[in-house]
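Hi,

Here is the structure I promised to pass on to you. Have a look at it first, and then read my notes below.

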Amino acid sequence: VNGEAVAVLPLREPRADWFESLYRTNAADVYAYVAALLGDRSAAEDVTALAFERALRRRRLYNPRRGSMRAWVFGIARNAALDELRRRSRSAPLVKEPAADPPAIEQQLVVRAAVAALAPRDRELILLKFHAQLTNAELGRILGISESNAGTRLHRVLRQLREVCQ
Amino acid sequence: MRSALDPAIERELGALEDALNGRTVTPEFAYVAMLVEAVRADSAPLPARLSARLERLPAAPSRRPRRLAFAGAGATTLAALIAVVLASGGSAPAPVRSARAVGSPDQSLKATAPGAAASPALAPAPPGPRYVQQAATLGLTAPHGKVQSVTDGVIAVTDSLGGIVENSSVTTGDQGADQAQLELQVPAARLQQALASLSRLAHVNSRTQQATDVTDSVGAARGRLTAARAERLALLRQLAGATTPNQVASIHAQLRLVAGQISQDGAQLASLLRSATYSGVSVSITEGQSAAGGGSPLDVAANDALDVLATSLAVALVALAALVPLLLVGGAAWQSASLVRRRRREATLDAQL
């Protein structure tokens, strides 16, 4: 997975080719991130499709100087996922579905529980970092915080997870 | 660019980047590698159904972005605004005033006296010809030292069109600039030709036209004249039948009164008809301060171009003055809406606590 390869694609490339490169490189990670954030794989499908549809529609608004295209797509996906969470919170309480495939080893189970126990903002940060593999600057831009703040928060969350896992 | 982070944190974050990129990490940060591996192993695989759905997306008809709709609405508003400003034309400078803008006599009132046609603006027109008095004033700015030659040109144009120079005066002052004033009478049917020819002589700084329908006045004067003539005829018949000196004297006295009335009504009618046949043109010529006053076609064209440019800039300025507050308010509203949307999304996360 290398988001930078997508970021340098010329926007004048034919629409279908451009989009194919974009989703082939990022769709799996976006879906994994959205599914982890929502805790609902079915809804994650819709949100991921919506995110890519928005990206396709707004592709001329992408500015390479403001970050990689991967970070841009994850920002769109994050907004779409949070909108979905908000919509659900208005209609019905969020019920997280159990993972379809239980972890094969105990360590994964522990990590999953530890991540799930994190504060929502911390959980979002760690999911975005692990799935999107963005730089701290890109994380900060998406979350509306500074780069150093993103690094500090990341360190704090890693320490929490280490205590749980060790 | 990272800044002001503790070296220990920097090392840990560096180990995280290594683990995310599949590189080996030092034993000190083995837990980071384990975390990355565990979270990724727990990732939901991309469903084939979603993959197929995404592949179909580029072929789907794209909806028109709202941004474009807003831009379209903005462009429409701007066009409407400019149209309103142009239509009002009130605040824009108009160095060359033309009566055409407010209704030229040639457009709204045409003499049907000799050589002219009735105007639809007066419909429904009563039967019979209509009589319209037309008058125009023209202000010319002659190049320095050219007032006399422009005056000669005015006279030549008037003569060529069969008009009359009723009055002319040229003032050559030692202290002030030269100026001239001419009162012309040109055939009504050739008024526009006259104005066009005169306008080519020098830079036009003002031009107005007026039109007055005198058809009713002509009818009334003609009616009075007809009645007076009929009365004179009747008096003459009475005179033929008069038998006493007193009767003859009385009828003669009445005939003198009626003759005076006929003369007066006839003169009035003739004046009205003449005013509808000939149009008065008042031409004033002033001397420009420099060659920029323009006399040659090139100077006139340059001045007109500057006028047009100044008017366009004025219109653009007015439009800008109206648009800037709108754009500021719109931008502030857009920023506020973005902030509210972001806050709501963040609040969604907080609500899960």
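From the N terminus on, the elements of chain A run α-α-α-α-α-α-α-α, which makes 8 helices and 0 strands. Please keep in mind that this is a predicted model.

Of its 166 residues, 54% are buried. Its accessible surface comes to about 7,500 Å², and carbon and sulfur atoms hold 50% of that. Among contacts in chain A with a separation of 6 or more, 66% join residues 24 or more positions apart.

One residue to look up is R78(A), which sits in helix α4 (residues 69-91) of chain A. Is R78(A) buried or exposed? Its relative accessibility is 2%, so R78(A) counts as buried. Beyond its neighbours within four places in sequence, R78(A) is in contact with Y33(A), E124(A), I142(A) and L143(A), and also with E346(B) and L349(B) from chain B.

The buried residues of α6(B) are V147(B), V150(B), T151(B), G153(B), V154(B), V157(B) and T158(B). Viewed down the helix axis, they fall within an arc of 155°, so they line one face of α6(B). An α-helix has 3.6 residues a turn, so residues three or four places apart point the same way. The cover over the buried residues of α6(B) includes β1 (132-142), β2 (164-171), β3 (179-187), α7 (191-199) and β5 (278-287) of chain B. After α6(B) comes G162(B), with a positive phi near 80°.

Enjoy exploring!

Technical notes:
Residues numbered from 1 in each chain as written. Chains lettered and ligands numbered in written order. Predicted model: local features only at pLDDT ≥ 70, side-chain atom pairs only at ≥ 80, totals over all residues. Heavy atoms only, no water. Helix = DSSP H or I, 4+ residues; strand = E, 2+ residues; numbered from the N terminus. Buried < 20%, exposed > 50% of the residue type's maximum accessible area, 1.4 Å probe, protein only. Contact = heavy atoms within 4.5 Å. Areas by Shrake-Rupley, 256 points an atom, 1.4 Å probe, with all protein chains shown as cover. Arc of directions from axis to C-beta.
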